[in-house]
Amino acid sequence: MSTTDTTVLVHEGTFAVLGADGGLTGRRGSSPDGLFRRDARHLSRYELTVDGAAPQVLVPLREEDGGATCLLAPAGTRDTPPAHTVVRDLAVVSGALVERVRLVNNSPGARTARLALLVDADFADQFELRSDHRVYAKDDARRTVRPEADGLRRTYTRGTWESATTLTASPAPAAVEEAGTTARRLLWDLDLPALGSAEVLLRVEARAHGAAEPAPGTDPTAIAARAHADTGARSLPVPPQAPPGLAEACRRGLDDLDRLRVTAHGPAGEELSVPAAGVPWFLTLFGRDSLLTSFFVLPYRPAAAAATLRALAAPQGTAYDAERGEEPGRVVHEVRHGELAHFRPVPYGRYHGSVDATPLFLALLGAYTETTGDPGPARELERHARAAVDWMHGDGGLDAHGYLVYRPDPDGLVNQNWKDSAGAICFRDGTQAEGPVAVVEAQGYAYDALLRTARLAREHWDDPAYATRLEETATALRARFARDFWLADEDFPALALDGKGRQVDGLASDAGHLLWSGILDEDRARRVGSRLLEPDFFTGWAVRTLAAGQPAHHPLSYPRGSAWPHDNAVIALGLARYGMGEAVRTLTAALAETAAHHGGRLPEVLAGYDRSLHARPVPYPHACSPQAWAAATPLALLTSLRTVEEGTAGTRG
């Protein structure tokens, strides 16, 4: 999240968004705070007072090495300084938030301080917290609050749905007061020796429906140290000519990716650890996001790709379900475990509304095999890969339309490529393309998927005839694409073809993905690559999603003028494929500097303002951070740089 006064702690499917003072206020909208697990807010208020007043922030909460600390103090003056200081140390472990609150007596005399902590849990589903003004009926929900010897237990039930939040404290609170319908205030009278201190250890467990037991631990310092140690060694082949900040961005990105791992299951029910998309809205398995993230880290962390492929094979479509967008062979877009997904007022429990996850699945399967030399997943997932190819030919649209297409889902996603916001696939004047829509980058993914799968068929499945058919399909697709998508007046690809076969003439960054997939011939690829570094596309920090100067462009539009690091990572890999070294160096240096302005962590998205307007990259107000494919972007930039420096252009990575 981009709110400047919040800190995000995340670990293996659980995250907390905390204020500068370490507390929670029950905020909703585009930047909700709370403790979350499996799409539910298990702690919505967490407000500390000492002697009846909220202490002021001396040092705001800041995440470092897996934990976070802030320093607070009551109001004072020059002549009457604060009597005590409050030190809050917090950490998140899978299923729990752990805190140490320490009161330090600043005076030479002993005293007693009353510590109070107001807590509440609304158990709101994340879809209820968004700023879309939707209301979901939950009249049959029941909530309970029960004091226990060392804290509180809260439950939330709705039919067979059961979840709970427990708070335990050491020492136990002296009293618990009602502070609203479900809010409670826990009280401690702490004896502070002269110039000494006293502390309270707190543990809040998010016992989500269907989730595993929370991980153990009550010491936030030890938990943070263990989480930081789990990230392991960070030795990477960064060339000496890499721009300043790239090595640190790679290190920070790998740390974030380790914390964004969630548990999923493979086709045989095996437990897997896979990259989730990001916080706050997407801490779950996402087809496109997890696949691209795995692509970006493939040369350095290939296990992520193997796990992601198996995790996405398990919920692959086997039947037709219009509400979920499920079709046989179609790879899932997202898998959610929250209350609203469970009861299905939202379709995202297992939602297949993606045109690109299926070809990306095939492309990653081939890339993993080529990169590692390990044929295991290719052989194990042959049935799934063939089903994915069948989907591309059939329901995906290759046979009927000549291209992969999607139809807008009025109850789900109107657009089903990576720019899945409403209005994203538009003509130059901003008019939304109507379906069936053949978006440009998906055709490149399909081309790449066909060729990589053909190689698997020939080398690992002993099916050369199938391989030949796939290669012939890819060749025909490439020829059609060159004829139908090229905007002659712009010397640039169209963003899409609409349902009437018209070229959607918005000039968009999606064209850069065509270099990565290799569907363009070398001459056109180089012209596209050069065009993306022109000022209307390139801000000086990154390539915009939509070129400036078009009526549809806006620098603060989520899909129509902002700049996305992962989008730039794909572009950089494509530039490197065609040996465009100077362009790769320019883009890599700009994004490394952007990361440095964000403490080494690239956000999900940046505002699309030109560098000449402001000396620092302008943040996008609602960006997710940390976010997986943004965290993996520095690794893709490193690969791109190594490709051009080592002279291995022409490879598909």
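Two strands are taken to pair if DSSP finds at least two bridges between them. Helices (H or I, at least four residues) and strands (E, at least two) are DSSP runs, numbered from the N terminus. The structure is a predicted model, in which local features need pLDDT of at least 70 and side-chain atom pairs count only at pLDDT 80 or more, whereas totals for chains, interfaces and linings use all residues. Residues are numbered from 1 along each chain as its sequence is written, and side-chain values use heavy atoms, with hydrogens and water left out.

An open sheet of three strands, with antiparallel pairing, has the order β22-β25-β26. Its edge strands, which each pair on one side only, are β22 (438–439) and β26 (503–504). Two bridges join β22 to strand β25 (residues 496–497) in the antiparallel sense, and here valine 439 stands opposite alanine 496 in β25. Over residues 435–598, the chain is 53% helix and 6% strand, and the end C-alpha atoms are 39 Å apart.

Another open sheet consists of five strands in the order β3-β6-β11-β16-β15, with antiparallel pairing. Its edges are formed by β3 (24–25) and β15 (175–178), each of which pairs on one side only. Within this sheet, strand β6 (residues 45–50) and strand β11 (residues 111–120) pair in the antiparallel sense over six bridges, and threonine 49 stands opposite alanine 116 in β11. Strands β12 (residues 142–148) and β13 (residues 151–158) run antiparallel and are joined by seven bridges. These two strands form a hairpin with two residues between them, and arginine 142 stands opposite threonine 157 in β13.

Threonine 7 is found in strand β1 (residues 7–11). With a relative accessibility of 7%, threonine 7 counts as buried (buried means under 20% relative accessible area, exposed over 50%, and partly exposed in between, with a 1.4 Å probe and protein chains only). Residues up to four places away in sequence not counted, threonine 7 touches Ala16, Val17, Leu18, Leu61, Arg62, Glu63 and Ala68, where contact means heavy atoms within 4.5 Å. A polar atom of the threonine 7 side chain lies 3.0 Å from the backbone oxygen of leucine 61.

The structure holds 15 aromatic pairs. Rings of Phe, Tyr and Trp (its six-membered ring) pair if their centres lie within 6.5 Å; planes under 30 degrees apart count as stacked, over 60 as edge-to-face and the rest as tilted. The rings of tyrosine 403 and phenylalanine 485 are edge-to-face, because their centres are 5.3 Å apart and their planes stand at 80 degrees. This pair links distant parts of the chain, 82 residues apart: tyrosine 403 is in the loop between α10 (398–401) and β22, and phenylalanine 485 is in the loop between α12 (464–484) and β23 (486–487). Tyrosine 403 is buried, with a relative accessible area of 4%, and phenylalanine 485 is buried at 0% relative accessibility. One aromatic cluster is formed by Trp418, Tyr558, Trp564, Tyr620 and Trp629.

A charge sits over a ring if NZ of Lys or CZ of Arg is within 6 Å of the ring centre and within 35 degrees of the ring normal. Arginine 158 lies over the face of phenylalanine 343, at 4.2 Å from the ring centre. Arginine 611 lies over the face of tryptophan 541, at 3.9 Å from the ring centre.

Terms used
Polar contact = N/O pair within 3.5 Å; in protein donor to acceptor, adjacent residues only side chain to side chain.
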